[in-house]
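Here are my notes on this structure, as numbered points. Please keep the 3D view open while reading.

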Number of protein chains: 2
Amino acid sequence: MIKKRKALKEAVEEFLGEIKHRTKREKIEVLDSCNRVLLEDVKAKLTMPPFDRAAMDGYAVKAEDTFGVDESNPSLLRVVGEVETGEEAKVRVERGEAVRISTGAMMPEGANAVVMVEYTNERDGYVEIYRSVAPGENVSKKGEDFFSGKVILKTGNVIQPFDVGYLLSAGVRKVEVSGKAKVSIASTGNEVFDVLKPSKGKIPDSNRPNIISHLKSWCDLLDLGIVRDSKKEMSKAFEKALSSDVIVFTGATSAGKKDYMPEILKEYGELLVHGVAIKPGMPIALGIVDGKPVILLPGSPVACMITFKLFVIPAIWKVQNTEVVAYPNEVIKAELSRRVPSTAGTKTFARVKLKKLDKYVAYPVMTSGSGILSSLSNVHGIVEVPESLEGFEAGEVVEVKLTRHLVKSELRW
Amino acid sequence: MIKKRKALKEAVEEFLGEIKHRTKREKIEVLDSCNRVLLEDVKAKLTMPPFDRAAMDGYAVKAEDTFGVDESNPSLLRVVGEVETGEEAKVRVERGEAVRISTGAMMPEGANAVVMVEYTNERDGYVEIYRSVAPGENVSKKGEDFFSGKVILKTGNVIQPFDVGYLLSAGVRKVEVSGKAKVSIASTGNEVFDVLKPSKGKIPDSNRPNIISHLKSWCDLLDLGIVRDSKKEMSKAFEKALSSDVIVFTGATSAGKKDYMPEILKEYGELLVHGVAIKPGMPIALGIVDGKPVILLPGSPVACMITFKLFVIPAIWKVQNTEVVAYPNEVIKAELSRRVPSTAGTKTFARVKLKKLDKYVAYPVMTSGSGILSSLSNVHGIVEVPESLEGFEAGEVVEVKLTRHLVKSELRW
């Protein structure tokens, strides 16, 4: 029988704290690595950008040649060539000269800034410059994204689709990840029947097909079918289940049931939690055998599905050596570390990294532009600034929509 | 060149409004139907529960035998038998009699209520009843979940893992769904190289592998590789892409680029939107050829990924004949139609249906317990009541965490 009910947070923490890393490591192609847990700090094999490049369309110049100019007092530079994106820059810029350049193109030697095309006017081989630029302005520096040898994605992260292009762009073809978790699933009870084999007077077992549908794309499943309410049958099933990394039984715990499964669990390992203060799902039982999680889910379909998400899913991540705190699309409320500017009438999607102190803090990522690959993979979510605002202030609490699994190890950077 | 920028909401609505249903219908096994769009109203082939059943452990009685009783004045009933879950009830209850019964077990003839075991005391063949029950109390009525012939899941829904057990429990083995959408993807530009074939002086194309990784598990992909900046090459690629349902080009639209792709698009169909007031992602272009969506994504990786999620994903659902408004795990703020009660110290997960009037309204689902299958599949999300509260009041604005894709057709029920 269930004596006391643990608070949800406490139950989850105690349970996850006892689960050990169970899966094997494997080296697989980055192209096949989506939704796998990364088990190494991945280092870039290339430098990105591999050279200084223009961040805008315009003219590559020596910044000194633009100092003090304005519309009424432009500087006039001789156009000595052009660099298109994707080609090597073979021309050189001297004082008094400019080179026509496209976004992403290699900066020519001698130039240290780009004047945007909007502030120029070219004719007869010369270009008028109407606005001054500082050295480095509108230039994306070599290695701004990452230098060869830098850690670009850390162990414990769940690889997302947009990490694939990032890793490949950094010259990484294979990554060390966790093998899939092996999960065993059985439903229990004399009252249920296999939905594929109807039986009169009994209740259809919807839980097993639900759970199998949830897991089959990303786990190795061991389906133990329906186990009848007898200690012998249940012990046999439990023995079989021990070959897996995560052991799940449904309908094996409730106020009304004979406590066979919790008893069997205690023979092999430890019953950590029996009864959690949640509704539905109160009778949930959680145990550990040899660092391996055992979850006895209630049989009622709604209670089963809710406790499955609260306890089974995090356990599956934990045996793969990561602790997932929140999932993509979920919203985390966080305090902004600094202002996020925006333009009224434009909806801005600002990328942020999260850190957890006593509360969540969101650090907006500053880059020279949306071409920085690392700013997709090395952030945790997006803050949307609506069209009606000119930004959010530092210290404001904003909603961060997660773009990746938020893992505990990431919150400690 | 881009003349005016549309507001995001307006751009999405105009674009989706022009997209036609493109995919074929197919009849597939429910077990293989996860993440597919349902293209029929599915009817139950069975009644659930198939008989009146006990919703609690206790004693099946005639309610009349308990009227007016309390601790100091119990009624005494003769125990004439027992019904266990999963077996047929062969005993009959008369006035002055009771039958021991387990949760989920078939109600014996003659009985019309169940007294919870906590309010009873059995000895020597008789049971003392300390609390009165109303007729129907603690009984789950035949067909409470669904009657045979009732529509249990509506067209336009995206099938979730927990729908699988529900449909199978209702005797449904096959469902009519949308075939997978065929999506063509090409990157464009002289400046990019295929990440699997590095090339000096150029920029790695991270966008194509990112998008392919996003889609490969649920779409049929037509990978057209990298297309160079020439009208001839691009026209050729566009012609090939026309065999797919959704056409995606990356790097084919920007302020600096020659407008080949928008021009080609105009030759075959209509350019609906060129430039949206978002940052990053402003240069996005959206078009329609023959009811088929064409999306020209910006080439910058961050802008590309953000506009991919804003425009490509909804377009892929729309060609499958559904309009997804929000995704699982996302949060919708909604006004409660009525009070959600909870017990202090217990975390309650209340299931709600959503309706959109001028704002979202959340309708809490009332059932006799967590055993009702339809209350998993026929709700849109969960409202969590924290342990510190005794519930939420009617009219309060709460956060609903979606448990399934929220589709437009569902909001009109």
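1. Two strands pair if DSSP finds at least two bridges between them. Helices (H or I, at least four residues) and strands (E, at least two) are DSSP runs, numbered from the N terminus. On that basis, strand E25 (residues 347–356) of chain B and E27(B) pair in the antiparallel sense, over 5 bridges.

2. Conventions come next. This is a predicted model, in which local features need pLDDT of at least 70 and side-chain atom pairs count only at pLDDT 80 or more, while totals for chains, interfaces and linings use all residues. Residues are numbered from 1 along each chain as its sequence is written, and chains are lettered from A and ligands numbered from 1 in the order in which they are written.

3. Stay with strand E27 (residues 381–385) of chain B. E27(B) also pairs with strand E29 (residues 397–402) of chain B, antiparallel, over 2 bridges. B:Ile382 has B:Arg351 as a bridge partner, and its partner in E29(B) is B:Lys401. The covered face of E27(B) holds B:Gly381, B:Val383 and B:Val385. B:Ile382 and B:Glu384 form the uncovered face. In a regular strand the side chains alternate between the two faces of the sheet.

4. Now the interface. Two residues are in contact if their C-beta atoms, placed from the backbone, lie within 7 Å. Chain A puts 64 residues into the contact and chain B puts in 63 residues. H2(A) gives the most to the side of chain A that touches chain B, with 7 residues. That side divides into 30 nonpolar, 24 polar and 10 charged residues. Here Ala, Val, Leu, Ile, Met, Phe, Trp, Tyr, Cys and Pro count as nonpolar, Asp, Glu, Lys and Arg as charged, and the others, Gly among them, as polar. Of the interface residues of chain A, 98% are also interface residues in chain B, so the copies meet through the same surface.

5. Strand pairing crosses between the chains. E25(A) and strand E19 (residues 278–279) of chain B pair in the parallel sense over 2 bridges. A:Thr348 stands opposite B:Lys279 in E19(B).

6. Check helix H1 (residues 8–18) of chain A. A:Leu8, A:Ala11 and A:Phe15 are buried (20 or more other C-beta atoms within 10 Å of the residue's own; exposed is 12 or fewer, partly exposed in between, with C-beta atoms placed from the backbone). They cover an arc of only 65° around the axis, which puts them on the same side of H1(A). The arc is that of the directions from the helix axis to the C-beta atoms. The face turned away from the buried side carries the exposed residues A:Lys9, A:Glu10, A:Glu13 and A:Gly17. The cover over the buried residues of H1(A) includes H6 of chain A and E25 of chain B.

7. A:Ala7 lies in the segment before H1 of chain A. A:Ala7 is partly exposed, with 15 other C-beta atoms within 10 Å. Leaving aside its neighbours within four places in sequence, A:Ala7 is in contact with A:Ala277 and B:Glu387. The C-alpha atoms of A:Ala7 and A:Gly275 are separated by 9.0 Å, though the two are 268 residues apart along the chain.
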